[in-house]
Amino acid sequence: MKDLALENSSTTDLNQDQSHVPTSDFWLTMRTNVRLKQQTPPIQSFPRDGKLPLTLNQRRLWCLEQLQPRSSVQNLLHTFRFTGLLNIETLKQSINEIVHRHEILHTTFPIVNGQPVQHIAPNLTLHLPVIDLQYLPLEEREATAQELAFNNAEQPFDLISGPLWRFQLLCLAPDEHLLIRTVHHIIFDGWSHGIFLRELGVLYDAFSTGKPSPLPKLSIQYADFAQAQRQWFEAEVFVSQLDYWKQQFSNNVTALELPTDYPRSAMLTYQGGSKSLVLSEELTVALKTLSRQQGITLFATLLAAFKILLYCYSQQDDMLVSSPIASRHHSETQGLIGYFNNLVVMRTNLSGNPTVLELLSRVSQVTLEAYTNQDVPLQQLADLGSLAHTPLNRAMFALQNIPNPTLNLEGLTVNSSYMQRPITNFDLSLSMQENAGQLGGVLHYKTDLFDITTITQMLENFQTLLEQLVATPEQYLADLPRFSTTKSQGSSASLTSKLPKPFVPPQDEVELQLINICKDVLGFSVLGIRDNLFAQGADSLLAVRLCDRIEQAFYKALPLVTMFQAPTVEQLALILRQEERSDSWSSLTPIQPKGSKPPLFLCEGVGIYYPLIPYLRLEQPIYGLVAGSQEGKPIQYECLEDLAALYIAEMQTLQPKGPYFLGGISWGGVVAFEIAQQLVSQGHEVALLAFFDTIRPGAYKPNPIGLRIMWHLKNLLRNGPAYGLEKVSGQIQKRLSLQQFKSLSNTNRKFFPENQMMPVPQNEEHFAMRQAFNQACQNYTPKAYPGRVAIFAAKDRQDAGAYQLDYSLGWDALATGGIEIYHVPGDHLGILKEPDVQVLGEKLRESLEQAQIAILKH
C-alpha cells in the first residue's frame, strides 16, 4: 500500500459543513448519481456475525494513523452556538439518540490477524462535561472558548478502544452556550455534519415536548455500505470504472513540482496556514457568464483557472489536481453518518499551447469523466503502477455549495461552525464558495514549504489571471505571465527535484550493506545511494522491516521516524557512521515513546517488538534495550550481570525509580530477569516481569536420541532442506569467522523466508559482541527471584519434540512470588509476528493493566 505517495491525502481540511459537491455541477452531479445508482446493485443489510471490513478510504486513514500514532490531524472540530434557553438534559438525550441510531458512532477498529476490522459496540452513552465561563470578564469568554475548542481537538483518539468522538458544553451566559464536538474523520465527513444537525433539531424539538423520536429507523448502516463496496469491486461497472482510470494514467505521470520557499522534508508534515480571497461581484458575474457561454460549469471554469495558475508557476503541462466528492449517489447513504468522501484526481494535458477556451473544454471533459467514474477509491488509484511513485497530495481544488446551516428551534437558535485548525493535508488546496453574490476562496498551504508573502502574492496573481481569462478567453497559454515564489528566485533548490538523478554506487562497506538490505527487503534490482526509498515504492510497513534488518546488521536501533528523515542509503549511512564516531551511543531506544503510563522496557531488540504497539495501545510507552557503543566500539562485557547493570543505568535516565515493567523475547527475557534481580536488590519495585517464550538456562532436557531423530526427520519431511540447513547452520555458526558466517547467511537466503534469515553483523567487533553475548547467556546461572513472573509460552515451538520442557519453561522453582502462564499461538519468534502477535499483545496488555491496578491499590 503506497501510503507515502498519498501521504495524508484525506479531506480533513475541507470537511466543513459542506457536502463537497461543486455548486454549478448540481445537475451534472444529479445525472451522474442517477446513472451510477442504476449501474451498481442496491445496498442490503448484512449480518453482524463476522469480521466487518473497513471501506478502502477508511483503511487509508487507518494506515496514516499507524504511521503517526497519537496524531490529531484527522480530528474534525465543529462548534454549535445555542442562543436562547437551552435544556441541557434534552440536548444530551438528543445526541445519545443520534449515537444510538448510527452504528458508526459506536464503532471502533481493533486489529484481527494483523488487519483492522470494524467492531460495533451495542451502544455508547454520551458524557457531556459542562464548563461555566460566566466567571470570566465578558471580553475574555470568547477567546477562552476558542482555546478550549482547539485544545479539545488536539487530543488524539484511540481507534482500538474508542469512542471516536467527544463533546464539551461551555456556558457563556444564561442564554448562550457553545457545544464543542470533535470527531475522528474515519467515522465522519462534511455531509455527516448536515445529517447530525438536522437530526439534532428534530430530536430536540420532540424530546423537549415529551414526544418520542419521530425519525424512522435507518434501512442500512455504514457497515452495510462497507460490505457492499467490497461486492461492487467484483461488479462489471467497477471494473469498467477502474479501466477508465488505468487508461487515464496509462503513460508516464509526473507529480506537481511547484517552486517552494523552503526545501521539502521527507517527513509527513501537516502544519498549515491559510489566506482568504474575495472576488468582486463584477468578476463573479463575468465568470458565470463565461461558463454559461461555453456550456460548462462554474466548477470547471474555476478548476481550469487554478490549473493555469499552477502551470504559470511550475511550467508543467501534465497537471494533476485532486477534488473531493461526496460519493453518496445511493439514496440509502444520504441519511447515514460516516466517512464516504472520496478524492478524484483530474489530469489535464496543457501541452500544445492551447487557448483558454480550449483548456476550458479539456478541463470540463475531464471533470465529466471523473464524476462518471467516481466509485473507484483513491487508494485504488494510488496503487496503479503508473502512480506508484507519484504523490497525489500536492494540489486540491473544491467549490463548496452549501452555507453554514442554521437551526431555529422553539425559543432557541443554533448556528454551527467548522473551526479551521492550523493543519493542511495538501501542499496547496483552494476552497471556493459563493456568498451574497461574490465568490470567495481560502488557500490552505503547508507552512514548511511556503511563506505567507508567497501565498499572498499567489492569490493576487490568481485574481489577475481570472480577470485576464474573462476579458480575453481567446488568448494562448504561452501569452500568460510566469510566476515564481519570492525566495526561490535565482535559486536552484526548488528545481533540483526535476533533474534526473544519476545512479551513484555505494562508496564503502556501510553503504554496500545498506544497499543489499534495501534491495532485499524492497525487492529492488537496482538502487543508488541517493535514490529516495519512498519515491521508489517503499511505505511505512516496509520501513518497519528495514529498521529491523538494519538493527540486526549494525546493532543500532534506528527509530522508525529516521527512515523518513533520512530516506536515502547515503543519508542512513551517514547517521550510522556518526553514531560509530560518537563517544557513546545509548542502549535505550524508543519503540513507542508516547503515553502517560509507566514505560515498558523490552530487552535485546527494538524492531522485533514493533508489532506489539497497536495491541498495547497508544497510552503505553515502550522502550527497547540493545547493547550500545562507547568511543565508536561495541560495549564489551564479561558477564550478563554487567550488561544488566548497564541497562539499569540507561533505564534510570528515563525512570529514576520504580515500579518497573520489564520483558524480553528468548534470551532477552533472561537479561530482563537479571535486571529485575538487581533492581529488587537495590530496593526498587518491579511491577511486571514478562518472559516471551524464554527458557531458563539449563532447563533443556534432551529427549532420548531415538525420539530426537524421529522428530527431526518429521520436520525435514514437512519443511524440506531448509529445515536441515537451519539446524546445521545454527550449530556451527559460533565456530565460524565473520566472513564464513556471512557466507553461510547468504546461502540461507536462498532457502529461508525473510523471518528465518540470519542477521549479518556489520564487522568483526560486532560479530565478536554477538558471540560474547551468546556465551554470557550460556554461562549465566539465575538465582531465586522474590517476585512474580508472567510467562508467555509459544504453543508451536519447532523443537518441542527434541527436548523436554516443564509447563513453566523451567522458571517455577526460581520465581518464589509465583508465576502466571499464558500459552500463545506461534513458534519461538513467531509469537511476535502477525497474526499470532495479537494474542500475545492482548494478554500482555491485560497483565500490564492488572499490575498497574495493583500498584494503585497499595
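1. Start with the loop between α5 and β7, which is where Pro163 sits. The model is a predicted one, and it makes the peptide bond from Gly162 to Pro163 cis, with omega near -10°. Another cis bond joins Gly658 and Pro659, with omega about 5°; Pro659 is in the loop between α19 (640-654) and β23 (660-665). Both deserve a look, given that most peptide bonds are trans.

2. Gln315 isn't a glycine, yet its phi is positive, near 60°. You'll find Gln315 in the loop between α10 and β10 (318-325), partly exposed at a relative accessible area of 41%. Asn353, also not a glycine, has a positive phi of about 50°. Asn353 belongs to the loop between β11 (342-349) and α11, and with a relative accessible area of 35% it counts as partly exposed.

3. Now the sheet. Six strands make up an open, mixed sheet, running β6-β7-β8-β1-β14-β13. The edges are β6 (130-132) and β13 (406-409); each has a single partner strand, so one side of each has no neighbour in the sheet. From one strand to the next the twist averages 20°.

4. Within that sheet, β1 (residues 75-84) and β14 (residues 412-418) run antiparallel and are joined by seven bridges. If you want a landmark, Phe82 stands opposite Val414 in β14. Two helices pack on the sheet. Helix α4 (residues 88-101) touches β1, β6, β7 (165-173) and β8 (176-184), and its direction makes about 160° with that of β7. Helix α5 (residues 138-154) touches β1, β6, β7 and β8 too, with its direction at about 175° to that of β7.

5. Which residues have the most contacts inside the largest nonpolar core? That core has 107 residues, and the ones to click on are Leu91, Ile187, Leu612, Phe692 and Leu844. Beyond its neighbours within four places in sequence, Leu91 is in contact with Phe82, Leu86, Leu128, Leu169, Leu179, Leu200 and Tyr204. A further core, of 76 residues, lies apart from this one; Leu320, Met396, Phe450 and Leu465 are among its members.

6. Helix α9 (residues 281-294) has 14 residues and spans 20 Å from first C-alpha to last, close to the 20 Å expected. Its buried residues are Leu283, Thr284, Leu287, Leu290 and Ser291. They cover an arc of only 130° around the axis, so they are on the same side of α9. The spacing makes sense: an α-helix has 3.6 residues a turn, so residues three or four places apart point the same way.

7. What do the buried residues of α9 pack against? Their partners are α10 (298-314), α11 (356-372), β15 (428-435), β16 (438-446) and α13 (452-471). Turned away from that buried side, α9 carries the exposed residues Glu282, Arg292 and Gln293. Gly295 follows α9 and has a positive phi, near 70°.

8. Over in helix α6 (residues 190-208) you'll find Ser192, which is buried, with a relative accessible area of 0%. Leaving out residues up to four places away in sequence, Ser192 touches Arg328, Leu336, Ile337 and Gly338.

9. Last one: strand β18 (residues 588-592). Four of its five residues are buried, so β18 is largely enclosed by the rest of the structure. Strand β20 (residues 622-625) pairs with β18 in the antiparallel sense over four bridges, and Tyr623 in β20 is the bridge partner of Pro590.

Note on methods
Residues numbered from 1 in each chain as written. Predicted model: local features only at pLDDT ≥ 70, side-chain atom pairs only at ≥ 80, totals over all residues. Heavy atoms only, no water. Pairing = 2+ DSSP bridges. Axes fitted to C-alpha atoms, helices over the stretch in contact; angles between N-to-C directions. Contact = heavy atoms within 4.5 Å. Core = buried A, V, L, I, M, F, W, Y, C linked by side-chain atoms within 4.5 Å. Buried < 20%, exposed > 50% of the residue type's maximum accessible area, 1.4 Å probe, protein only. Expected span 1.5 Å × (residues − 1). Arc of directions from axis to C-beta.
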